[in-house]
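Reader: I would like to learn how to read a structure, one feature at a time. Please show me the one we will work on.

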Amino acid sequence: MANKVSVINPLYCVPHPVSIQINTEKGVAYNEKDDRLFYINDIYFSLHDRRVLYDHSKNPIVTFYNKSSEECKVFKGESSDSSKFLFRVKKMKKSSTIPSGITKLNVFLANNQDEEKSDFRVIIYGSKRSCSVYAGESPTIVAQVENNGGFKVSVNPSVDYAFIVALLMIVKDTECSDTEEIDALSAIQMTSSILSLV
């Protein structure tokens, strides 16, 4: 992408693609050299529905607050102060506009108060066998994920890869459709519908 897509910190926007492997069982993200980039302090949400994502130097990057099984709020650092609010992730309810075998998450940034349109979309296929992160309601993909026992992540150039990792830490705990087998007609319908998901 020509412009930087920075949500957490522009330092995480680099001019080349970034490959990341996420161990979904341990909540740890590694780079191509197998060096730890980020990790979750607690794999599962605590009694207070709170988890923190740290970098390799143990600095808190973001805090996740699970408001419900359908919604998560994310704040910068270890804060829950409204001034540190970064974005909200909301799981969309199943409807006629969402094809079978698809789970959709809408992402709303802090400055998007009316939330009429999402700032990012996460489209999850089947039981997390793959997913794509889109910029807003556009067909522009900013990151793609394949399930290889964990998440094999490809982040586009100039995209905040810490933001993508934070999103995927939410995705790994999201309950998704377990429809793995999709017939030819459903595949065509899915392809034609995917970019118009609201």
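Reader: Is Thr24 buried, partly exposed or exposed?

Author: Some background comes before the reply. This is a predicted model, in which local features need pLDDT of at least 70 and side-chain atom pairs count only at pLDDT 80 or more, while totals for chains, interfaces and linings use all residues. Residues are numbered from 1 along each chain as its sequence is written, and side-chain values use heavy atoms, with hydrogens and water left out. As for the terms, buried means under 20% relative accessible area, exposed means over 50%, and partly exposed is in between (1.4 Å probe, protein chains only). Thr24 has a relative accessible area of 21%, so it is partly exposed.

Reader: Where does Thr24 lie, and which residues does it touch?

Author: Helices (H or I, at least four residues) and strands (E, at least two) are DSSP runs, numbered from the N terminus. Thr24 lies in the loop between β1 (18-23) and β2 (28-30). Contact means heavy atoms within 4.5 Å. Leaving aside residues up to four places away in sequence, Thr24 touches Gly149, Gly150, Phe151 and Lys172. Thr24 and Gly149 are 125 residues apart along the chain, yet 8.1 Å separates their C-alpha atoms.

Reader: How many strands make up the closed barrel?

Author: Strands of a sheet pair through backbone hydrogen bonds, either parallel or antiparallel. Two strands count as paired if DSSP finds at least two bridges between them. Here twelve strands form a closed barrel with antiparallel pairing, in the order β1-β2-β3-β4-β5-β6-β7-β8-β9-β10-β11-β12. From one strand to the next, the twist averages 20°. For such angles, axes are lines fitted to C-alpha atoms, for helices over the stretch in contact, and the angles run from 0 to 180 degrees between N-to-C directions.

Reader: How many bridges join β9 to β10?

Author: Strand β9 (residues 120-125) and strand β10 (residues 130-135) run antiparallel and are joined by six bridges. Within this pairing, Ile123 stands opposite Ser132 in β10.

Reader: Why is strand β7 largely enclosed by the rest of the structure?

Author: Strand β7 (residues 85-91) is largely enclosed because six of its seven residues are buried. Strand β6 (residues 71-76) pairs with β7 in the antiparallel sense over five bridges, and Cys72 stands opposite Val89 in β7. Strand β8 (residues 102-109) also pairs with β7, antiparallel and over five bridges. There, Arg88 stands opposite Phe108 in β8.

Reader: Which residue forms a salt bridge with Arg88?

Author: A salt bridge is a side-chain nitrogen of Lys or Arg within 4 Å of a carboxyl oxygen of Asp or Glu. The partner of Arg88 is Glu71, with the closest N and O atoms 2.9 Å apart. This pair links strand β7, which holds Arg88, to strand β6, which holds Glu71, across 17 residues. Arg88 has 9% relative accessibility, so it counts as buried. Glu71 is buried too, at 16%.

Reader: How many salt bridges does the structure hold?

Author: The structure holds four. One of them joins the side chains of Arg51 and Asp173, at 2.9 Å from N to O. Arg51 is in strand β4 (residues 50-55), whereas Asp173 is 122 residues away, in the loop between α1 (161-171) and α2 (184-194). With a relative accessible area of 0%, Arg51 is buried, while Asp173 counts as partly exposed at 33%. Asp173 also forms a salt bridge with Lys172, where the closest N and O atoms are 3.3 Å apart. Through shared partners, Arg51, Lys172 and Asp173 are joined into one network.
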